[in-house]
Amino acid sequence: MGMGLMSGSMIKVVIGPQHPALKEPERFIIEVEGEQVVQVTPRIGYVHRGIEKAMENRTYIQNLYLAERICGICSHAHTTCYVQAVEDLLSVEAPPRAKYIRTVIAELERIHSHLLWLGILAHEVGFDTFFMYVWRDREVIMDLLEEISGNRVNYAMNTIGGVRRDLDQEKISKILKGLEVIEEKAKKYIQMIQKEPTILKRTVGVGYLSSIDAVRYNAVGPLARASGVKRDVRKDDPYIAYDDISFNIVTRDEGDCFSRMMIRAEEILESINIVREALSKLPVGDISVKTRLVIPPSETVSRVEAPRGELIHYARSNGTDKPERYKIRAPTLANLKALCKMLTGIYLADVPVILAGIDPCFSCMDRMQIIDCEKKEKQSWTLDDLRRYAREWYQKH
Amino acid sequence: MVSETLIFLGQVLIFPGFLFIILLAFFAEWAVRKITGRIQNRLGPTYTGYMGILQPIADFIKLLRKEDITPTMADKIFFLIFPIMYFSLPLTAFSLIPMTEVQALTYFEGDLILLTFIFTIITAMVFLGGFSSGNIFSIVGGTRSATQLLGYEIPLVFTLLCPAIPAGSFSLTTIVEWQQNNSWIIWTQPLGFGIILTCMLAELELTPFDAPEAETEIVAGSITEFSGVKLALIRLGKNIKLVLASSLISALYLGGPEQLWILPPIMIFLIKVFVVLFLMVSLRAIFARFRIDQILAGMWKYLIPLAVTQFLLTKILWGW
């Protein structure tokens, strides 16, 4: 199956499930004529881990650990979304200090995620030197996060009703110092992106997505903002401390890979300002409140702007200490349809750049959902459906 | 008579022949990795030997021990021939390059043409090697190699032949001799030096012209399916090609081997080779990869007119 199939001048290039451009297993069957892409068929579900079902079998406290591990890069976004949902079910509110600390971590996470993505895009266009430099500087943020939470990746800061660790003056001054370094570097990167001719050659006009298409295909996050759609949960439906903090939503109109690069670089600067403001306004008080562990029947939807875009968690409680139903919609899933649209009609050499351009995070996206890009159909399958499908498929093939 | 044959054999097999060149290729790989690493703010190899100098040899031995897999879809015979040719062609070409003295190991009127031919054959091999392995990434990589050849071959041939005009000979040895009696070609043809450096980057498939083996698009291009001994030979061949390209540039444009004070000619020559190597590696590290269509367009729009200009200028300067 890893081989390409040739028929006439059409070659089917199978990208994935294992491919160096994809850091996670996902499959795209790309039909090319010469170097031009004619059609793209995505096939998702390689890293389906049954997290939703697992969450329904565990208590709300245990689920914290599970939510943390949905995604390795935006772990804080997932737990924030999760605790927000559970706090809403319980009708409790985290103390203001906890909300501010959540904001600080969320923005630090956004910075490190965007830096990671900048590096990956540089690698996709073959500019390894830039990639090395960006990742070196990302370490500054990783060290800060380790300083604050004790962990580089899964920070485990959130708990139901607040956060688990406080920020003291020493940590705050360390964060501010680290931010200065990153600010200087980010400005330098913005200059480099704008001036380096080979980067411009590979990104300007590549993977164009018009603002109409961005809305039609439900693009979220930096992908939508790069196409001029002003869509950001932090402003549209403010959560944690975003109400009290003034910041701009960065948008650009080009709608190509270059503007996606610029959006992320500029969002780093914006995030730095948010962290600074949050730290200067940090209220005094408790960092968490005590909560019950049994939740009366209710349901809720919680939204968070993850580094990759809008993240939605849905929870339904039934009066026990476990959720009855839990549903996660990761931003990559929302962006996948826009991706298929962008990939059609381009050069094969641009595929990795565009693929990386949506900042895909497949393992947090994969659940049992089939999307048919051609028919624009969407259906959910139960395990039995899947078994039946598998049986039929193997009888046919 | 016997001793003469022995000396010649020694020259071919040991110094400055095969063994020396293979060791030089390993050293060049180490230098490339170290320089790239330092430019990218990394350490590069550090573990095996002093400053990791034995790392390429260790990698080579490791690959020799690995399983050698031939895919079922591959063309068996050509799949076997490709690594051998890819390794031996540049090694053969070295006998035409003057390294220890003004004369090369073998030389004849027109050996420059043979060198040009060998460079083209290597690329043709890459194309066929890609096709022979039957992998889709290899096929795309091989096609890209061949497509790229259409772009850089004409300026490359022009700039290879430009130094022959003042020397009045198609022999590399005569050109080196001429440079030592007069001046280095680079002073009279700096444009040609720039063009040949760019073309060699493309020939060696280094960034920004590494579309044929763009890792993130087509894995390793035409060599994706090779493993074990074959991959070891291909990697070594690639390093030899790297040294060959820098040697050729330093012989054609930088005066080749010459005695300077008490330093023997080979030392001077190696210094020149590594200067060229350093130039190429630095260029590689500071660019992003061009797309194949961009490479072709750029070559035809800028490099070919420039090469023709250089050719005409040389022709006018040195007379018909």
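This is a predicted model: local features need pLDDT of at least 70, side-chain atom pairs count only at pLDDT 80 or more; totals for chains, interfaces and linings use all residues.
**Chain A, overall.** I began with the secondary structure and found 15 helices and 11 strands in chain A. Next I checked burial: of the 397 residues in chain A, 48% are buried. Then I turned to sequence separation. I took the contacts in chain A between residues at least 6 apart in sequence, and 70% of those join residues at least 24 apart.

**Domains of chain A.** Domain 1 is written as two segments, 5-47 and 333-396, and domain 2 covers 51-328. For the contact between them, I get 19 residues from domain 1 of chain A and 26 residues from domain 2 of chain A. Which helices of chain A supply at least two residues each on the domain 1 side? I noted helix 12 (331-343) and helix 13 (351-357). Helix 12 of chain A has the largest share of that side, with six residues. By class, the domain 1 side comes out as 12 nonpolar, five charged and two polar residues.

**Chain A against chain B.** I then went to the contact between the chains. How many residues does each chain put in? I have 26 residues from chain A and 26 residues from chain B. On the chain B side, I wrote down helix 11 (215-218) and helix 14 (292-318), each supplying at least two residues. I also sorted that side of chain B by class: 13 residues are nonpolar, seven are charged and six are polar.

Conventions
Residues are numbered from 1 along each chain as its sequence is written. Chains are lettered from A and ligands numbered from 1 in the order in which they are written. Two residues are in contact if their C-beta atoms, placed from the backbone, lie within 7 Å. Helices (H or I, at least four residues) and strands (E, at least two) are DSSP runs, numbered from the N terminus. Ala, Val, Leu, Ile, Met, Phe, Trp, Tyr, Cys and Pro count as nonpolar, Asp, Glu, Lys and Arg as charged, and the others, Gly among them, as polar. Domain bounds come from an automatic or database domain assignment. A residue is buried if 20 or more other C-beta atoms lie within 10 Å of its own, exposed if 12 or fewer, and partly exposed in between; C-beta atoms are placed from the backbone.
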